[in-house]
Amino acid sequence: MKQASFAILAAFSVCASAQAQGAPASPEPAPFAVSKSAQLLTGDTWRDGDHLFRLYGVQSCLRGTSAEEPNGNKIDCGNTSLAHLAALFDSAAVTCQPIGYALDKAVFVVCGAQLNGDTIDVGTALIATGYAFAATTAKGKAVNANYLAAEINAKMKVVGLWGTTFQHPVQLLLNKRSEIQQ
């Protein structure tokens, strides 16, 4: 949970800085439990009622992209990421802390899951098992260094999707952004 604590601390530091500069005080966002009725959209994004949530610093495989298993079988990479988020949400009590907003108005969150009496960071769990990746900035820099370390470790251990051949979703998104800018 060190990553989550750091992200929360950074978000609150930004809020405190804005307040110190004379910005009107706004209530701090409260942690919330992820509803078992949440609609999972991707391996890093879900909708609960009228609210859209996205794991901060996490990039799932893109739905509709394929991964090829060593036996030649092709699977939907994004659906595989989604299935692992669903399994985690289904098997654990997950609590999230809002930390900001994405351009599409999704609420960025860091989340912890209670498993066997321990709290684990959801982003780290998904990335370390090879079913999600460290998100980057538009310039390709990892948003969260701990997530990048988890991704490198998963890749070296060839776990999860790293045991398949696939196009890395971060690279796909960076390429798409580059094409749009041209």
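Let's start inside the fold: Thr80 is buried, with a relative accessible area of 17%, where buried means under 20% relative accessible area, exposed over 50%, and partly exposed in between (1.4 Å probe, protein chains only). This is a predicted model, in which local features need pLDDT of at least 70 and side-chain atom pairs count only at pLDDT 80 or more, while totals for chains, interfaces and linings use all residues. Residues are numbered from 1 along each chain as its sequence is written, and side-chain values use heavy atoms, with hydrogens and water left out.

**The chain as a whole**

- The chain has 5 helices and 12 strands; helices (H or I, at least four residues) and strands (E, at least two) are DSSP runs, numbered from the N terminus.
- Of the 182 residues in the chain, 37% are buried.
- Among contacts with a separation of 6 or more, 58% come from residues 24 or more positions apart; contact means heavy atoms within 4.5 Å.

**Two residues of helix α2**

- Thr80 sits in helix α2, which covers residues 77–91.
- A polar atom of the Thr80 side chain lies 3.0 Å from the backbone oxygen of Asp76. A polar contact is a pair of N or O atoms within 3.5 Å; within protein, one must be able to donate a hydrogen and the other to accept it, and residues adjacent in sequence count only if both atoms are side-chain atoms.
- Leaving out residues up to four places away in sequence, Thr80 touches Ile75, Tyr131 and Leu161.
- Ser81 is also placed in helix α2, and it counts as buried because its relative accessibility is 1%.
- The side chain of Ser81 has a polar atom 3.0 Å from the backbone nitrogen of Cys61.
- Not counting residues up to four places away in sequence, Ser81 touches Gly43, Ser60, Cys61, Tyr131 and Leu161.

**Aromatic rings**

- You can look for 7 aromatic pairs in the structure. Rings of Phe, Tyr and Trp (its six-membered ring) pair if their centres lie within 6.5 Å; planes under 30 degrees apart count as stacked, over 60 as edge-to-face and the rest as tilted.
- The ring centres of Trp46 and Phe89 are 5.0 Å apart and their planes are at 85°, so this pair is edge-to-face.
- This pair links distant parts of the chain, with Trp46 in strand β3 (residues 45–48) and Phe89 in helix α2, 43 residues apart.
- Both partners are buried: Trp46 has 0% relative accessibility, and Phe89 has a relative accessible area of 8%.
- Phe32, Trp46, Phe53 and Phe89 are joined into a cluster by ring pairs.

**Strand residues**

- Leu52 lies in strand β4 and counts as buried at 15% relative accessibility.
- The neighbours that Leu52 touches include Leu41, Trp46 and Val107, with residues up to four places away in sequence not counted.
- Leu52 and Phe108 are 56 residues apart along the chain, and their C-alpha atoms are separated by 8.9 Å.
- Gly112 is found in strand β9 (residues 107–115), and at 6% relative accessibility it counts as buried.

**Loop residues with positive phi**

- Most residues other than glycine have a negative phi, and most peptide bonds are trans.
- Asn116 is not a glycine, yet it has a positive phi of about 50°.
- Asn116 belongs to the loop between β9 and β10 (118–121), and it is exposed, with a relative accessible area of 80%.
- Val158 is not a glycine either, and its phi is positive, at about 55°.
- Val158 is in the loop between α4 (145–157) and β12 (165–166), where it counts as partly exposed at 48% relative accessibility.
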